[in-house]
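This explanation leads the reader through one protein structure, step by step. Please keep the sequence and the three-dimensional view at hand while reading.

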Amino acid sequence: MQTTLAEAFRNTPEGEVAERILRSCVHCGFCLATCPTYQVLGNELDSPRGRIYLMKQVLEGATPTAKTQLHLDRCLTCRNCETTCPSGVEYGKLLDIGRHIVEKKVGRGITESAARAALKTGLGTPPLFNTALKLGQRVRGLMPGFLQARIPAAETAGDRPAPRHARRMLVLEGCVQPALKPNINAATARVLDRLGISLSAAPEAGCCGALAHHLNDIDAGLASARRNIDAWLPHLDAGAEAIVMTASGCGVMVKDYGWLLRHDPAYAEKAARVSAATKDVSEILLAERGALARLKPHAPRLPAKRIAYHPPCTLQHGQKLTGGVEALLADAGFELVPVAEKHLCCGAAGTYSILQPDIAGQLKTRKLDNLTAGAPELIVTANIGCLTHLQSGTALPVKHWVELLDAILEAPM
Ligand code: SF4
Ligand code: SF4
């Protein structure tokens with residue numbers, strides 16, 4: 001696409017990236033067919049091509065308006081368009097730049113700013129979220145049904161094995177996951193322990209920064225990244241093999257640290273090292289597939305036979321990891337029911353389900369219709385956001401897939 005950047009953006013690092021991406025778009029429109037917001041709203045300005053056009057106008061000097069901001073806000077950052085695009089347009093990177101510029105120029109009203117700040121602090125501060133959740137869970141029974149569905153019942157994690165193996169890996173605990181679903185990281189630790197790998201967390205690590213980053217607070221996102229890098233590097237130096245991600249939304253962010261900090265002389269190299277060491281739990285287990293096969297499935301523990309799998313956008317489009325979870329579940333003896341429109345977002349998308357509830361609700365209904373069409377006994381996914389969002393719309397249990405592996409495996413034969 002012919003592009004002439006405005007003076008303010010020419011020869012700036014962001015301007016150069018944006019110009020390269022804008023020029024790679026040939027305006028073909030293939031991406032419209034797989035964009036969830038275009039599917040729901042039917043408006044070109046709520047499609048990848050339309051948003052690219054809006055960002056191009058702003059980068060060429062047009063003044064963005066509240067309407068520009070609305071169309072960019074409505075994007076789920078699912079990056080389905082990147083998977084579909086035949087020209088390799090890096091839409092996610094362009095959106096980061098476009099949203100940041102528009103945020104600075106258009107701003108937000110007091111109420112909206114306060115809501116976004118509260119989300120950032122509340123969800124990104126584990127002790128705060130934990131306390132609020134516990135309070136909600138105590139009075140859950142007194143609440144109306146629609147509110148009960150938004151507050152999951154308290155869960156227990158089971159034992160976490162003490163570190164005992166020479167092989168060690170780190171885990172990112174996450175912000176909301178330990179409070180909402182403590183069993184996910186515990187189950188991951190148990191599965192890896194059976195494979196001869198001890199899993200532990202670096203106490204100084206915290207939120208991956210995705211929440212702040214996607215709410216356009218770039219500095220806060222980068223501050224989280226730097227803190228985590230400082231927390232993890234000593235462990236990598238001491239022999240930890242990988243940083244394991246059990247939430248694909250965090251995984252896609254940490255894998256991007258190298259890109260996000262590429263211009264920071266103090267952190268560029270360290271960030272690239274951390275990103276390279278970061279693996280989704282499915283990547284770790286696929287690499288250990290031979291050892292996994294030697295663990296004996298314990299059929300009576302099978303929590304369900306027929307399952308439906310929802311691959312999160314942050315796994316399939318963000319990290320470009322497809323087919324791995326399905327292969328591991330099939331190896332373990334589960335029957336995966338066919339699911340239509342696997343590529344489409346469920347509507348969770350970080351804080352999207354709170355900030356854009358109508359679109360998120362429509363996408364959730366559509367996703368659950370597709371997931372339940374094959375009459376599964378259980379739904380599994382790979383990201384805490386998708387899990388809680390889907391669970392709020394169905395009576396079927398929704399779990400992280402690694403919990404199923406943990407439930408059916410026992411010690412090596
Ligand atoms: S982003 Fe890709 S698929 Fe969409 S219009 Fe541009 S070139 Fe075509
Ligand atoms: S990231 Fe998702 S919602 Fe946003 S334009 Fe691309 S396909 Fe559409």
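Two helices, helix 3 (48–59) and helix 5 (80–84), each supply at least two residues of the shell around ligand 1. Helix 3 provides the largest share of that shell, namely three residues. It should be kept in mind that the model is predicted. In total, 15 residues surround ligand 1, and the closest of them are Cys25, Cys28, Cys31, Cys85 and Val89.

The next topic is the nonpolar core. The largest such core has 108 residues, and those with the most contacts inside it are Met169, Ile243, Val244 and Val254. At least three residues of this core come from domain 1 (13–106), and at least three from domain 2 (295–412).

Is Leu390 buried or exposed? Leu390 is buried, because 21 other C-beta atoms lie within 10 Å, and a residue counts as buried if there are 20 or more. When neighbours within four places in sequence are left aside, the contacts of Leu390 include His310, Cys346, Leu368, Ile379 and Val398. Thr121 lies 269 residues from Leu390 along the chain, and the C-alpha atoms of Leu390 and Thr121 are separated by 24 Å.

Key: Residues numbered from 1 in each chain as written. Chains lettered and ligands numbered in written order. Predicted model: local features only at pLDDT ≥ 70, side-chain atom pairs only at ≥ 80, totals over all residues. Core = buried A, V, L, I, M, F, W, Y, C linked by C-beta atoms within 7 Å. Buried ≥ 20, exposed ≤ 12 C-beta atoms within 10 Å, placed from the backbone. Domains from an automatic or database assignment. Contact = placed C-beta atoms within 7 Å. Near = placed C-beta within 6 Å. Helix = DSSP H or I, 4+ residues; strand = E, 2+ residues; numbered from the N terminus.
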